[in-house]
Amino acid sequence: MAPRPSEPKTLFDKVWEAHLALPETGENPGLLYVDLHLVHEVTSPQAFAELAARGLTVRRPDRTFATMDHSTPTTPRPFGARPVYSSPATKKQVETLEENCRRHGIELFGWDSPDRGIVHVIGPELGLTRPGMTIVCGDSHTSTHGAFGALAFGIGTTEVGHVLATQCVLQRRPKTMRVNVEGRLPVGVTAKDLALAIIAEVGAGGAAGHAVEYAGPAIAALSMEERMTVCNMSIEMGARAGMIAPDETTFAFLRGRDRAPKGAAFEAEVARWRTLKTDPGAAFDAEVTINASRLSPMITWGASPDMAAPIDQPTPAVTGPDADKALRYMGFKPGETLLGETVHTVFIGSCTNSRLSDLRQAAAVMAGRHVGPGVRMIVVPGSERIKKAAEAEGLDAVFRTAGAEWREPGCSMCIAMNGDMGRPGELVVSTSNRNFAGRQGPGVRTVLASPATAAASAVAGAIADPRRLMEMCGAA
Amino acid sequence: MQPEPITQVSSRAFIVAEENVDTDQIIPARFLTATERGSLADACFRDWRFAKDDQPNGHPLNAVDTAERAILLAGHNFGCGSSREHAPWALRDFGVRAVVTSGAGDIFKSNAAKNGLVVAEIGREAHGALMEAVAADPDTEITVDVEGLTVSAAGVRASFDLEPFARTCLVQGVDPLGFILGRTEAIAAYEAARP
Ligand code: SF4
């Protein structure tokens, strides 16, 4: 057959096609080979049990890395010390992971590791996450790694078992969507605000079945940490994955990382990575365009991440049954502005916003100020490395002096299964990714926001626009 | 292991009408600490069904007998959010055998198919009609035909799509891991051909 001029392809197509061990057919999904499998304590025990029941081994322990983050305590303790767990069940879960990793020769970033942290924070930090890879984890925010031009998505526990045993996962090709972000984020408006604005525009299920590529000048201008924040929240609009084409910013971030190739090998990879971008003329199943220049800091007013609005705008005046229910749960009225609403707890952390730049952003607002009377604020760095780096520049002191708690790394109040949670009825301003009813404890009302907005609200004791405080401290 | 084949589910239904019911509602995170399977019935919709003192409250779900009503008629975008497979596990433990909705979360759908939970996504209009029919007469019998890919009840008939392999797995009781293990040669060939 004569060679055909190759059709323009999307970034997604290129990564997808390079990983099909077997193509999909009408009857069967494709068999997608997994380059990097990340494992944590919550979604893996039943998968390892399935392997044991069938007498199977882990096919590629060298492509499998584990850490513990979800149900691990964040209460202060000396490095390396084993913590006091919140319950016998969480203790058993972590110990089961330790035992499974030992048995199968899987590298575990455990209590004694200076590299432990939230699974989606440490992958990029260590240089395990790289462009063009397929990455899976039993966690929906695996999309974070797509910031590097990887195809990264969450899988269920049964599939964790599939990948452990075969290094493959059965997948149908998703549809594709491009989110074009024009303009540039104004000063005081962060990647988190952009993510919330995109989700509000597309809707909670608007990208269902799609792999999303974020593109455009506003995306190109983002740092890697900011890109991770954007890709992290792709699942909140239903997307299978979120991706950003790798560029000089990506290569600079990865150069010299512990687990990335070094020297000539790295430069050879960079040459290959440069081809990982959407060809001109490649078609997407859906396209959305957003102008970043017009955005403001965003907060959520409801119980789904797409129920988000600019911080100075009122909640919707005309609502439907879902919005009504959400507003009732949150204790807000239709058409009211949330600025000034009393805040009880502030949480800075999670795989969305626990990186060094997030902590700096919050600290810049907190410096020389104190949390409002009666406000509890906890700051949870995303990894041991981030904790160390933050302490080296004195950020922990800023938070402590301001009256906040400085914690050990972990998921903490993002998922509230380690003992860190809000009290019923409390209003929590949180830098995490989900404001579902009860996500941060039964009856807790969660408002999602950027680290700057969370910090400003902690100081004010009420929902506050960070731009005012940033002007005052010269950060804007 | 080899799952039970499921060709159809016929039963009465109960309604969870809310849209965007996320998997945190289906099973709150603090119940994800289980390291074994099979004990999540009480964790299913926990924070809806139980008061602060851990006693069942007056929520209608507490009155549902899934032996009689094994079909959950759910609102749009059911099972969005977290990828936790504990969500279909909890629904199965609670006694649900099929979910009929106008749209379900992607990962939830894929997890459900691997756990013998049928998820039938039907058109908005038929979904609305079915909701009305069941609200008007809670004893309406619904049949979810997994082989023929239809949902039918008195006066309502709608078709749905199921990923063909998920359908085969349900109808024939195929074990997906066994299926992949049967293709180990292709996996080895792929690994060998990589740079
Ligand atoms: S921080 Fe939250 S979203 Fe991220 S991995 Fe942990 S629990 Fe999941």
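**Before selecting anything**

This is a predicted model, in which local features need pLDDT of at least 70 and side-chain atom pairs count only at pLDDT 80 or more, while totals for chains, interfaces and linings use all residues. Residues are numbered from 1 along each chain as its sequence is written, chains are lettered from A and ligands numbered from 1 in the order in which they are written, and side-chain values use heavy atoms, with hydrogens and water left out.

**Confidence**

The model scores ipTM 0.92 and pTM 0.94. The mean for chain B is 93, and 99% of its residues reach 70 or more. Within chain B, confidence is lowest in helix 4 (residues 106-113), at a mean of 88, and highest in strand 3 (residues 98-101), at 98. Helices (H or I, at least four residues) and strands (E, at least two) are DSSP runs, numbered from the N terminus.

**Chain A: helix 12 and helix 15**

Select residues 356-366 and 451-460 of chain A, which are helix 12 and helix 15; their axes are 8 Å apart and the packing angle is about 30°. Axes are lines fitted to C-alpha atoms, for helices over the stretch in contact, and angles run from 0 to 180 degrees between N-to-C directions. Helix 12 and helix 15 of chain A are therefore roughly parallel to each other (angles under 35 degrees count as roughly parallel, over 145 as roughly antiparallel, 65 to 115 as roughly perpendicular and the rest as oblique).

Now show side chains. Helix 12 of chain A contributes Asp358(A), Gln361(A), Ala362(A), Val365(A) and Met366(A) to the contact, and helix 15 of chain A contributes Pro451(A), Ala452(A), Ala455(A), Ala456(A) and Val459(A). Contact means heavy atoms within 4.5 Å.

Buried means under 20% relative accessible area, exposed over 50%, and partly exposed in between (1.4 Å probe, protein chains only). Among the buried residues of helix 5 of chain A are Glu159(A), His162(A) and Leu164(A). Just after helix 5 of chain A, Gln167(A) takes a positive phi of about 65°.

Next select Thr10(A), in the segment before helix 1 (11-17) of chain A. Thr10(A) is buried, with a relative accessible area of 1%. Leaving aside neighbours within four places in sequence, Thr10(A) is in contact with Thr176(A), Thr278(A), Ala282(A), Ala283(A) and Phe284(A).

**Chain B: helix 3 and helix 4**

In chain B, display helix 3 and helix 4, which pack at an angle of about 55° with their axes 8 Å apart. That angle makes helix 3 of chain B oblique to helix 4 of chain B. Ala87(B), Pro88(B) and Leu91(B) of helix 3 meet Phe108(B), Asn111(B) and Ala112(B) of helix 4.

**Chain B: two loop residues**

Most residues other than glycine have a negative phi. Select Phe45(B), whose phi is near 50°, a positive value. Phe45(B) sits in the loop between helix 1 (23-26) and helix 2 (46-49) of chain B, and counts as buried at 0% relative accessibility.

Finish at Asn77(B), where phi is positive, near 60°. Asn77(B) lies in the loop between strand 2 (71-74) and helix 3 (86-94) of chain B, and is buried, with a relative accessible area of 6%.

How values were computed
pLDDT is the predictor's confidence in each residue, from 0 to 100.
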